[in-house]
2 protein chains.
Amino acid sequence: MEDTKLLMITARDGFSPQVGRLVSMMNYARFTTLQMVEGLSVEELDFLLDDAGNTIGMLLAHMAAVERAYQILTFEKRDLNDDDEKEIGLPLFLGQKAREEIKGKELDYYLQKLEAVREKTLAGFKERDDDWLEEMTPFWEDLPANNYFKWFHVFEDEINHRGQIRWICKRLPNLEGKVSAEVSE
Amino acid sequence: MEDTKLLMITARDGFSPQVGRLVSMMNYARFTTLQMVEGLSVEELDFLLDDAGNTIGMLLAHMAAVERAYQILTFEKRDLNDDDEKEIGLPLFLGQKAREEIKGKELDYYLQKLEAVREKTLAGFKERDDDWLEEMTPFWEDLPANNYFKWFHVFEDEINHRGQIRWICKRLPNLEGKVSAEVSE
């Protein structure tokens with residue numbers, strides 16, 4: 001834990017006050033994701049617990065794809081087009097085809113994707129402010145959603161899947177004990 | 001979705017501005033938890049996917065216990081004592097004993113626990129303000145953590161376990177399709 005502000009949801013240099021808090025939460029969520037997958041092998045990243053599941057690699061690719069999708073929705077203010085779907089559709093929507101194709105990659109492959117997309121997110125946040133967080137559009141079921149919600153959903157989805165990564169990690173062959181405390185499952 | 005502010009992370013009547021945003025996130029996390037468990041039977045709540053896992057009932061009880069624990073830490077400004085551990089230790093720390101004892105309850109039992117503890121949280125938040133969110137103490141590994149982080153962690157832990165509840169729901173006997181879209185797993 002090198003970031004001494006890791007456990008602080010607060011203002012951050014370079015960001016407007018509310019955006020700083022959002023960044024704080026996204027940072028912490030990412031920290032726990034990275035902590036969970038540290039040192040995993042290709043075999044572990046590709047481990048499929050059962051036919052209905054996703055691998056850890058798929059879930060990491062999904063996190064990067066979701067973040068890219070919300071850059072498009074909120075920074076570029078448009079829906080995903082065919083080019084976007086070609087670029088991120090597979091990890092975004094997951095499913096059988098993703099199960100067949102997202103495999104055989106080292107951890108670093110996923111980490112680089114996550115880092116590259118996060119870099120663009122933070123650059124985008126620096127150019128925006130608290131008022132932008134309040135901007136809203138009709139969203140799911142046409143309910144109004146502001147940009148704060150949309151980015152909350154990005155890290156909320158990451159945490160949801162991190163919970164599943166923890167679940168898988170506990171059941172990886174030869175990796176018993178990676179999650180030692182049951183409460184932190 | 002009756003709450004028209006469901007997808008808005010924003011100010012809320014009766015709460016200071018930052019607290020309102022925190023409440024918005026906690027509300028949405030809870031909405032998705034409740035949506036996921038709606039209509040589950042005792043048998044489904046007690047379903048154990050494998051020996052290493054927790055049941056959905058255990059995870060719901062855990063969510064209520066974590067929230068109570070953070071009321072003690074941040075509202076009462078003290079560590080958990082023996083009485084607290086008697087009251088919430090089992091669902092808080094989970095494990096084998098919890099696996100044996102937290103079972104046989106209707107969904108309503110868990111929902112009432114969640115609602116009762118949430119009511120106290122919201123009452124506590126109403127008496128506090130944005131400055132209180134910034135108050136910090138040494139926390140995990142003695143890093144400084146503010147109250148905003150501690151309450152972020154409450155809903156972050158809920159989302160993490162909701163991810164696992166979704167995982168279990170997909171695998172419940174006779175409940176195939178409860179989570180229809182793979183992406184929302």
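Modeller: On the surface, A:Asp82, A:Asp83, A:Glu85 and A:Glu87 gather in a patch of negative charge. Asp and Glu count as negative, Lys and Arg as positive, while His and the chain ends are left out. To join a patch, a residue needs over 30% relative accessible area and no salt bridge, and like charges are linked within 9 Å. A salt bridge here is a side-chain nitrogen of Lys or Arg within 4 Å of a carboxyl oxygen of Asp or Glu. Take A:Glu87: it's in helix H4, residues 82-93 of chain A, where a helix is a DSSP run (H or I) of at least four residues and a strand (E) of at least two. A:Glu87 is exposed, at 51% relative accessible area; exposed means over 50%, buried under 20%, and partly exposed in between, with a 1.4 Å probe and protein chains only.

This is a predicted model, so local features need pLDDT of at least 70, side-chain atom pairs count only at pLDDT 80 or more, and totals for chains, interfaces and linings use all residues. Residues are numbered from 1 along each chain as its sequence is written, chains are lettered from A and ligands numbered from 1 in the order written, and side-chain values use heavy atoms, without hydrogens and water.

Now for a loop: A:Glu141 sits between strand E1 (136-138) and strand E2 (144-146) of chain A. A:Glu141 isn't a glycine, yet it has a positive phi of about 50°. With a relative accessible area of 64%, A:Glu141 is exposed too.

Conventions. Patches are made of residues with over 30% relative accessible area and no salt bridge: like charges are joined within 9 Å, nonpolar side chains (Val, Leu, Ile, Met, Phe, Trp, Tyr) within 5 Å. Accessible areas come from the Shrake-Rupley method with a 1.4 Å probe; for residues, only the protein chains shown count as cover. The place of a charge is taken as NZ of Lys, CZ of Arg, CG of Asp or CD of Glu.
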